[in-house]
Amino acid sequence: MAYCSIEAARDAGVTGDDAVVAAWIEAAREGIERYTQQIFEPTPMVVVADVGADGLVILPRRVRQVTSVAPVLDDDGASLPSSSWRLTSSDVLGQVDALHLAWGGYDDLVAGAESYAGGWLGLWEQWGAEQVRVVGEFGYAAPPLFVAQACALLAADLQAKAAPSDADAAQDSSLKVDDEGNNVAIEDGDDDPSSEPVAPSASTGSTQVDALLAPYMNRGPSLIGGI
């Protein structure tokens, strides 16, 4: 799903047939994600994050739902039952995107997490794991208005700055152009969660777009984990 419509991109100044406009929108989406380190549509992802004090795990992405939580060990760690953690999301006013591991709880049906063995905290100390691997759906429900506007403006800016060879490449659905005008391959999408990092950039290349995206930056001390 694109962050803006073809019509919005054309209104911003992008020219060409639908396939060309869609290619520049895709390039703009990539640039926005690199700059903000945020995802503005529901996306299956794998996130690895640090376990902090009292079992608090700050997630480096806006979280929508979690399907699996497992300790990061030398050998593959078993997934934890949902009774051993709870999720909070910034979709709810006043909440933060975080997992809260049930340090004070126990489950007599889980080996090592029995009440007499110290419960979940005892099991975690036995593992000695400092991180968790979280599989779920991350991102916004839909791109906010300013992000959609930024996408249309950035698509137009990228096209205006592109060399003729870059413009020709935008007509090829197997290629896309990054925020510096470089042609890079588009891979076929699938429904599998992604664990590939998105390298950050200092700017989208447009100060106007950067200003629109300022409220949506995802950088700083909250990024204690990584993708």
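1. Leaving aside neighbours within four places in sequence, S115 is in contact with Y106 and D108, contact meaning heavy atoms within 4.5 Å. The model is a predicted one, in which local features need pLDDT of at least 70 and side-chain atom pairs count only at pLDDT 80 or more, while totals for chains, interfaces and linings use all residues. Residues are numbered from 1 along each chain as its sequence is written, and side-chain values use heavy atoms, with hydrogens and water left out.

2. S115 lies in the loop that runs between β5 (98-101) and α3 (119-127); helices (H or I, at least four residues) and strands (E, at least two) are DSSP runs numbered from the N terminus. The residue is partly exposed, at a relative accessible area of 41%, where buried means under 20%, exposed over 50% and partly exposed in between (1.4 Å probe, protein chains only).

3. Overall, the protein has six helices and eight strands, arranged along the sequence as α-α-β-β-β-β-β-α-β-α-α-β-β-α. Of its 227 residues, 43% count as buried. Among contacts with a separation of 6 or more, 68% are made by residues 24 or more positions apart. The protein exposes about 11,600 Å², of which carbon and sulfur atoms supply 51%; these areas come from the Shrake-Rupley method with a 1.4 Å probe, and for residues only the protein chains shown count as cover.

4. β4 and β5 run antiparallel and are joined by four bridges, and W85 stands opposite L101 in β5.

5. Another open sheet of three strands has the order β1-β6-β3, again with antiparallel pairing. Its edge strands, β1 (43-50) and β3 (63-71), each pair on one side only. Neighbouring strands here are turned by 25° against each other on average, direction ignored. Eight bridges connect β1 with β6 (residues 131-138) in the antiparallel sense; V48 has R133 in β6 as its bridge partner.

6. The buried residues of α3 are G119, W120, G122, L123 and W124, and they pack against β3, β5 and β6. After α3 comes G128, with a positive phi near 70°.

7. What lines the largest cavity? The lining consists of L80, S84, L101, W103, W120, W124 and W127, and α3 gives the largest share, three residues. A cavity is a set of points on a 1 Å grid over the protein atoms alone where a 1.4 Å probe fits but cannot get out, and lining residues have an atom within 4 Å of a point. By this rule there is one cavity of 30 Å³ or more. The volume of the largest cavity is about 40 Å³, a volume being the space filled by probe spheres set on the points, which are joined across faces, edges and corners.

Terms used:
Pairing = 2+ DSSP bridges. Axes fitted to C-alpha atoms, helices over the stretch in contact; angles between N-to-C directions. 1 Å grid on protein atoms, 1.4 Å probe; cavity = no way out; pocket = protein on both sides within 12 Å on 5 of 7 lines; lining within 4 Å.
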